[in-house]
Amino acid sequence: MTDQQDRALEDWRGVKQEIVEETDATVALRPASRRLLADLVRPYHRWGAVLVVVVILESVARLGIPVLVQRVLDNGIPDLQTGTTSTLTTLLAVMVAAIVVQATCRAFFLRRSGIIGNELLLTLRRRLYRQFQRLSVGFHDRYTSGRAVSRMTSDVEAVQELVLQGLDVVVAALLTIVGSTVILLLLDWRLALVAFATYPLLWFLMRWFTRAATRAFRHVRTLSAVVIVQFIETMTGIKAVQAFRREPRSRDLYEAVALRYRDANTRALRVFARAMPGIQFIGHVGIVVVVAVGGFMALNGQLTVGTLAAFVLYVRMFFDPMQDIGQFISSLQSALTALEKIAGVMDEEPDVHDPEHPVELPEARGGVAFDGVGFSYVEGVPVLPELDLDIPAGQTLALVGTTGAGKTTIAKLVARFYDPQRGAVQLDGVDLRDLDDATLRRHVTLLTQENFIFAGSIADNIAFGRPDATREEIVAAARAVGAHPFIAGMEKGYDTDTGKRGSRLSAGQRQLVAFARVVLADPRVVILDEATSSLDVPTERIVQRALATILADRTAIIIAHRLSTVEVADRVVVLQHGRIVEDGPPEVLVAGGGRYADLHRAWLASLA
Amino acid sequence: MPFWRQFTLALILAPIGVGMAVLIPLLLGRIVDGPIADGDAAGIAWFSLLILGAGAVDAGVNLLRRWVMTRTTSALEANVRLDLFDKLQALQLGFHKRWESGQLLSRIMTDLGLLRRFMAFGLLLLVMNTVHIVVVVSIMVGMHRALGLTVLLSVLPVVAATTHLVRRFGLVSRQVQDRTGDVASVAEESLHGVRVIRSFGRVPYSFQGFDRRSVRLRDAGVDRMRIASVLWPLLEVFPSLLLVLVLGGSAVAAANGLLTLGEVVSFVTLLLSLAWPVGSLGFLLSFMREAQTAADRVCEVFDAPITIESGERRIQDPRGAVSLRDVSFRFDDATEPTLSGLDLDIAPGETIALVGGTGSGKSTVVSLIPRLQDVTGGAVLLDGVDVRDLDLVQLRSLVATAFEDPILFSMSARENLTLGRPDATDRDIDEALRIASAGFVHDLPWGLDTRLGEQGLSLSGGQRQRLALARAILVRPKVLVLDDTLSALDIHTEAEVEAALKSALKGVTGLVVAHRASTVLLADRVAMLVAGRIAHVGTHHDLLATVPEYRELLSADYSIEPELAEEEAR
């Protein structure tokens with residue numbers, strides 16, 4: 001795939017600011033990925049030692065068997081011919097014992113390593129989940145959910161393959177190799193040296209293989225994320241895809257990435273396809289050399305036939321696990337590349353930190369203040385140049401202004417999704433940066449038009465505002481916002497399943513559920529960003545009325561295009577380009593004949 | 001079977017490989033019995049060359065086979081992936097609402113990957129090892145009948161035990177794979193809902209849900225390994241057990257002169273050569289079960305019935321008359337219908353506003369026209385033709401919907417706008433943007449080439465809705481459906497849009513879901529939805545004058561006190 005094709009493929013995606021491809025950063029992340037792996041493995045180092053002992057035992061037992069076979073051939077049978085059966089029976093009994101040891105050790109190893117491997121994956125999943133939830137909203141705006149999902153699924157699975165299958169094989173393989181090397185030397189060191197003549201070849205092959213595999217797998221992991229992102233996006237937007245007959249085009253786009261993924265996979269597997277027969281061939285050469293040289297030695301009486309036979313067995317035993325090692329190297333590389341991506345996420349620090357010495361604020365009155373706040377998403381394009389705004393506790397403030405005036409930004413700053421670059425946002429005079437997350441969230445809640453509904457029942461979704469709420473409290477919250485009638489009208493009432501992403505609910509119903517959540521959460525400061533746009537008029541009125549009571553003793557910041565929602569406000573602030581252009585009680589502004597008065601007039605007209 | 005050639009080649013190559021693997025130990029036996037015993041130096045050299053040749057063939061065949069299979073299996077995986085993608089795109093919304101996206105994701109990525117690996121390594125190894133075992137055992141039987149038959153008989157109980165264990169392994173594998181999908185689903189949900197989780201400070205709570213599923217996944221994983229820890233060692237030590245048996249027997253036979261020492265060596269070498277094929281069988285059989293489960297899971301999607309299939313008929317000269325006849329609709333999992341006995345006629349070119357309380361089923365009604373869902377009773381007619389008989393592509397190009405939830409993809413603004421008409425010219429786009437008052441697109445940093453959506457520039461709710469509207473207008477449909485598309489617009493913009501829409505809707509049948517009087521005024525007539533049927537139809541002013549419920553629903557000055565009193569009385 002050339003750069004040109006890459007560009008053609010990306011054309012439809014359009015242009016975006018600062019496209020930072022993480023692939024550039026991955027090489028720097030290699031040490032981080034190894035650290036992460038070491039960190040994950042550390043808690044199990046004691047078990048690791050036990051398992052190594054078990055594997056050694058198992059390998060000794062397994063490797064002992066050909067030795068015993070040789071003994072049978074060299075001593076057991078000749079003794080039998082002279083009438084002594086005890087040699088043979090003893091040897092066979094020892095063999096049975098070896099087999100029992102081998103099987104027991106192996107079963108123990110598999111069982112224990114299965115537990116450890118699955119524990120380790122659980123830890124990795126937990127850590128990754130926590131990290132994603134710890135990182136600030138700004139990170140998620142950049143990183144996108146599709147990529148995050150691919151970190152949590154396909155990358156973890158790549159590690160899984162290593163942990164569950166790789167380690168098992170490699171420990172045994174390495175021990176077999178070391179063990180058979182030692183036995184070869186003990187059996188006949190001259191012939192052993194002859195066999196070792198093939199090792200340098202093997203070393204070169206392995207080195208090439210490791211390097212090529214690393215490169216290839218890095219490519220595979222990057223593309224697998226792209227395939228996942230594309231898939232998730234199409235399926236999330238399937239309604240629009242079908243309604244606008246986009247299936248052929250979206251298939252073309254998916255095909256383009258799926259085929260690139262295929263090619264990357266093919267390339268990676270071809271590295272493997274070349275290395276494995278290579279190892280095999282070197283193994284055959286080793287055997288031939290041993291047989292030829294050993295044959296002549298036997299001819300000269302320097303070697304017994306039995307020793308030669310055993311020797312051939314051990315040379316084979318030496319090369320057999322080489323293929324396993326090759327397999328291991330490829331899953332190791334694949335896992336390390338996945339870990340690089342994961343380590344990249346783990347190394348991220350949230351833009352919004354919890355303070356080291358948080359200010360205690362068990363009870364808040366709810367005063368919010370912007371003190372010379374300057375904020376921009378992109379450097380050089382200030383959204384809020386310098387905002388001073390004081391919202392006394394208990395006030396209901398409406399923010400009005402055209403798109404891009406900075407209303408939503410103000411909401412996000414109060415919810416501390418972002419920190420301002422200059423100045424400070426304060427709650428009861430305390431800089432938000434000095435409050436820990438739990439305290440802030442207890443006092444401040446932001447409700448957006450997003451109205452995300454989680455899988456589960458309606459009750460679960462309302463209880464999201466306060467998970468320990470009783471059913472009565474949940475119903476009370478639903479009643480307060482007028483959601484009770486529709487919920488009660490559903491077949492299973494509060495236990496109705498909301499469907500995937502709340503698909504069983506209409507947009508208005510989703511908003512009501514989200515509202516009930518806020519009521520239940522009972523914060524001192526409520527921010528409503530376009531939270532009522534999908535409600536019909538009577539429902540909105542119920543919400544309105546509920547707001548009047550709910551917000552009576554709370555601080556509220558309301559952003560709405562519908563001035564009906566604004567009506568409950570004590571104070572209206574009109575924003576333009578991040579600056580306050582009008583500020584006052586609604587009735588004063590209406591009388592004043594400014595922008596708000598215009599808006600108000602237009603709104604009245606629309607109600608006709 | 002598009003790849004039969006490659007598979008045949010691999011199947012031909014595989015026995016050659018097995019043949020070499022069997023030949024080499026035989027040659028080794030011969031060299032011991034022949035040249036070494038006889039002191040024939042030249043013979044040793046010849047035999048060595050022969051073994052080297054066999055080794056070269058072995059490696060060469062292996063290389064060729066892997067090379068072919070690599071390409072083949074990757075291509076096969078990609079093909080199935082694309083077929084699955086096609087199927088998912090063709091499946092109706094009802095399916096997508098039911099299936100968690102993580103389950104779909106784990107099928108199209110994890111399961112297909114697993115299948116590919118099995119095809120590439122597992123399947124052939126399984127075949128080769130089985131062939132290897134059969135060949136070796138046959139040779140053994142040929143070499144020494146009694147010993148060979150002993151080997152053969154002793155296999156039976158192991159086969160029985162293996163079958164049982166492999167079956168159990170398969171059941172647990174299914175659990176593991178399903179739970180992997182569950183974990184993916186929760187992970188995806190938590191990432192999409194991260195802003196809500198954050199703003200309520202519910203990270204620990206949402207973590208619990210994730211953790212519960214992850215722990216269940218771990219438990220299944222541990223279970224699976226427990227079964228493997230019995231199955232694998234059993235098969236791994238089985239050849240050694242046989243060896244004891246055979247050694248005992250052959251030693252006696254050799255001592256009695258029934259076998260030569262060379263024969264015993266060959267026999268034992270053969271038996272040892274079974275160590276790997278038999279030992280690996282445990283892993284391979286479990287791998288096969290896993291692959292089988294993966295295939296089952298993928299097939300579940302392939303087997304899902306497509307209920308919304310294209311009809312045959314095409315309308316030659318569409319006018320845009322829409323009729324809903326005694327329409328009822330019930331969600332799959334509901335017992336009560338959402339709509340029942342709904343009748344509505346919309347003349348070509350007419351615009352109807354559809355009003356109703358929150359959750360009254362307005363969005364459901366409009367989704368029936370382009371067949372995003374199908375009626376469960378009655379019929380929807382377009383120009384007198386049941387939409388189920390219509391060519392789906394034609395139907396969906398005649399009916400365009402601007403959704404209340406404007407779905408924007410991570411693509412350029414242009415690509416997002418031309419979703420329904422890829423060949424639209426810049427002038428068409430400008431016109432649509434004008435009507436939707438979405439001129440702001442030109443002010444974006446890269447104009448129409450700016451990337452939007454999750455991976456691009458974020459827009460406000462109002463901006464997104466205007467893009468959704470422009471997208472629908474651009475299709476130049478005969479029937480334009482606005483599903484509460486103007487709710488997030490401010491009053492000035494809404495007025496602008498409505499003025500432009502009025503002219504744009506000339507000659508186009510319009511169906512507008514509305515909450516506000518201002519939006520209703522776009523329409524010629526208003527249909528009011530109550531309890532799943534159309535209760536009232538008329539002009540806005542007629543309804544205001546004659547229908548109290550309508551007044552309550554639409555008029556701003558209506559008092560809510562009586563209703564609240566009633567509500568509290570409940």
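In the predicted model, His577(A) is classed as partly exposed because 14 C-beta neighbours fall inside 10 Å, a count between the limits of 20 or more for buried and 12 or fewer for exposed residues. His577(A) lies in the loop that connects strand E9 (571-576) with strand E10 (579-584) of chain A. In sequence, His577(A) is 89 residues from Ala488(A), and the C-alpha atoms of the two are 45 Å apart in space.

For helix H12 (residues 305-346) of chain A and helix H1 (residues 4-38) of chain B, the axes come within 11 Å and cross at roughly 155 degrees. Angles over 145 degrees count as roughly antiparallel, so H12(A) is roughly antiparallel to H1(B). The crossing of H12(A) past H1(B) is right-handed. On the H12(A) side, the contact is made by Val305(A), Leu308(A), Ala309(A) and Val312(A), and H1(B) supplies Leu28(B), Val32(B) and Ile36(B). This contact of H12(A) with H1(B) comprises 7 nonpolar residues, with no polar and no charged ones.

In the second pair, helix H22 (residues 595-606) of chain A packs with helix H15 (residues 491-504) of chain B at an angle of about 50 degrees, the axes being 9 Å apart. H22(A) and H15(B) are therefore oblique to each other. Leu599(A), Ala602(A), Trp603(A) and Ser606(A) of H22(A) form the contact with Ile491(B), His492(B) and Ala495(B) of H15(B). By class, 5 nonpolar and 2 polar residues take part in the contact of H22(A) with H15(B), and no charged residues do.

Chain B also contains an open sheet of 6 strands in the order E6-E7-E8-E3-E9-E10, with mixed pairing. Its edges are strand E6 (399-402) and strand E10 (533-538) of chain B; each has a single partner strand, so one side of each is without a neighbour in the sheet. On average, and with direction ignored, neighbouring strands of this sheet are turned by 20 degrees against each other. E6(B) runs parallel to strand E7 (residues 479-483) of chain B, and 4 bridges join the two. Val399(B) has Val479(B) in E7(B) as its bridge partner. Helix H14 (residues 461-474) of chain B packs on the sheet, where it touches E6 and E7 of chain B. The direction of H14(B) makes about 175 degrees with that of E6(B).

Conventions:
Residues numbered from 1 in each chain as written. Chains lettered and ligands numbered in written order. Predicted model: local features only at pLDDT ≥ 70, side-chain atom pairs only at ≥ 80, totals over all residues. Axes fitted to C-alpha atoms, helices over the stretch in contact; angles between N-to-C directions. Parallel < 35°, antiparallel > 145°, perpendicular 65-115°, else oblique. Contact = placed C-beta atoms within 7 Å. Nonpolar A, V, L, I, M, F, W, Y, C, P; charged D, E, K, R; others polar. Pairing = 2+ DSSP bridges. Left-handed = near helix turned anticlockwise from the far one by under 90°.
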